[in-house]
There are 2 protein chains.
Amino acid sequence: MQKGEYKTLLQKAGFRATPGKIALLELLQKEDKPLTVAEIQKKLKRKQDTVTLYRSLEALTEANILMRSELGHGHAHYELSIGKKHHHHLVCTNCEKVEDFSDPSLETALTKAAKNASSFKSINSHSLELFGLCARCS
Amino acid sequence: MQKGEYKTLLQKAGFRATPGKIALLELLQKEDKPLTVAEIQKKLKRKQDTVTLYRSLEALTEANILMRSELGHGHAHYELSIGKKHHHHLVCTNCEKVEDFSDPSLETALTKAAKNASSFKSINSHSLELFGLCARCS
DNA sequence: TATTAAATGCAATTTATTTGCAAATACTTG
DNA sequence: CAAGTATTTGCAAATAAATTGCATTTAATA
């Protein structure tokens with residue numbers, strides 16, 4: 001995703017291409033890992049009210065532009081979802097380092113498991129995190 | 001797990017077999033599904049302070065007697081972990097109904113994926129939830 | 001039964017997130 | 001390109017989830 005393209009992306013999704021939202025998307029692209037609201041706010045050059053940030057994150061997640069994940073700390077993490085393939089997270093339980101991972105055969109197994117999932121008629125999404133110790137912490 | 005056995009269980013784990021903790025374990029056994037702190041508190045015959053409940057839940061989870069899970073609502077859920085086989089959850093995004101599920105081949109895939117997990121030295125646990133619509137809501 | 005460390009309850013605090021509303025601003029259309 | 005309008009933003013305040021400190025109670029054990 002090129003820098004200027006966020007304007008188009010936002011507008012196509014029905015949002016206004018405000019400096020705040022563009023800065024948010026650019027930051028998340030640059031960081032390329034799940035960030036908490038506090039981290040985002042700290043790193044954003046253009047300062048935004050916390051409430052505005054929450055509202056933007058919520059709306060953009062709803063529009064599938066962002067992806068939200070719970071990483072076992074009591075607060076949500078957000079990352080860019082467009083332009084990234086489906087993935088999950090490895091979380092270091094010591095230093096909280098987060099790493100992406102994906103595994104095709106795991107996805108296959110997940111899809112199958114979802115089909116077998118007894119009484120449920122449809123499975124629309126899933127969340128999966130692996131917890132362990134990263135190279136530095138072990 | 002028979003009723004009276006919780007006393008022994010607690011003591012073996014280094015806890016005191018207090019009426020509060022025993023009542024908590026008995027309730028979770030009876031309910032047999034992930035409950036929120038508020039739900040537990042409401043259903044407990046013997047009323048307990050919220051703080052006490054939080055502390056018990058935390059300690060018992062630490063001791064692997066309980067299992068905590070995030071089900072995509074902004075608060076933790078707890079269920080008995082002893083005497084239950086490893087499982088995950090199906091969550092209805094409409095009515096919040098929760099159902100257990102487990103799938104051996106999925107576990108195999110998860111273990112393999114964990115091994116391949118690049119830089120991480122060890123994977124100790126994982127969390128997996130499937131979200132969809134239950135039979136009634138679809 | 002007395003001792004003591006663990007568990008409890010209360011008050012208050014922290015952290016995460018949400019709501020209401022008025023002011024500011026991006027996009028449309030003339 | 002100026003005006004109108006609906007969206008977005010910021011501020012203040014509220015709500016929700018979880019935690020901390022401390023004094024009191026209580027289960028275990030000697």
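Modeller: The model is predicted, and the account below should be read with that in mind.

The contact between the chains takes 32 residues from chain A and 32 residues from chain B. On the side of chain B that touches chain A, strand S5 (98-101), helix H5 and strand S6 (122-133) each supply at least two residues. S6(B) gives the most to this side, namely 12 residues. Sorted by class, the side of chain B that touches chain A holds 16 nonpolar, 11 polar and 5 charged residues.

Two packed helices are described by the angle between their axes and the distance between the axes. For helix H5 (residues 104-116) of chain A and helix H5 (residues 104-116) of chain B, the axes come within 9 Å and cross at roughly 160°. An angle over 145 degrees counts as roughly antiparallel, and H5(A) and H5(B) are therefore roughly antiparallel to each other. The crossing in which H5(A) passes H5(B) is left-handed. From H5(A), the residues that make the contact are Ser105(A), Leu106(A), Ala109(A), Leu110(A) and Ala113(A). From H5(B), they are Ser105(B), Leu106(B), Ala109(B), Leu110(B) and Ala113(B). By class, this helix contact consists of 8 nonpolar and 2 polar residues, with no charged residues.

The secondary structure of chain A amounts to 5 helices and 6 strands. Read from the N terminus, its elements follow the order α-α-β-α-α-β-β-β-β-α-β. Along the principal axes, the C-alpha atoms of chain A fill a box of roughly 45 × 40 × 25 Å.

The domain assignment divides chain A into domain 1 (5-80) and domain 2 (88-132). The centres of these two domains, taken over C-alpha atoms, are separated by 23 Å. In the contact between them, 7 residues of domain 1 of chain A meet 7 residues of domain 2 of chain A. The side of domain 1 that touches domain 2 has 2 nonpolar, 3 polar and 2 charged residues.

In chain A, helix H1 (residues 5-12) and H2(A) pack at an angle of about 115°, with their axes 10 Å apart. The crossing of H1(A) and H2(A) is right-handed. Tyr6(A), Lys7(A) and Leu10(A) of H1(A) make this contact with Lys21(A), Ile22(A), Leu25(A) and Glu26(A) of H2(A). The residues concerned comprise 4 nonpolar and 3 charged, with no polar ones.

In chain B, the axes of helix H1 (residues 5-12) and H2(B) come within 10 Å and cross at roughly 115°. H1(B) passes H2(B) in a right-handed crossing. Here the contact is formed by Tyr6(B), Lys7(B) and Leu10(B) of H1(B) and by Lys21(B), Ile22(B), Leu25(B) and Glu26(B) of H2(B). Its composition is 4 nonpolar, no polar and 3 charged residues.

The surface near DNA strand C divides into 9 nonpolar, 11 polar and 6 charged residues.

DNA strand D is surrounded by 25 residues, the closest being Phe15(A), Thr18(A), Gly20(A), Thr52(A) and Ala17(B). For this surface, at least two residues each come from helix H2 (19-31) and H4 of chain A and from helix H3 (37-43) and H4 of chain B. H4(A) gives the most to the surface near DNA strand D, with 4 residues. By class, that surface has 9 nonpolar, 10 polar and 6 charged residues.

Notes: Residues numbered from 1 in each chain as written. Chains lettered and ligands numbered in written order. Predicted model: local features only at pLDDT ≥ 70, side-chain atom pairs only at ≥ 80, totals over all residues. Nonpolar A, V, L, I, M, F, W, Y, C, P; charged D, E, K, R; others polar. Domains from an automatic or database assignment. Contact = placed C-beta atoms within 7 Å. Axes fitted to C-alpha atoms, helices over the stretch in contact; angles between N-to-C directions. Parallel < 35°, antiparallel > 145°, perpendicular 65-115°, else oblique. Left-handed = near helix turned anticlockwise from the far one by under 90°. Near = placed C-beta within 6 Å.
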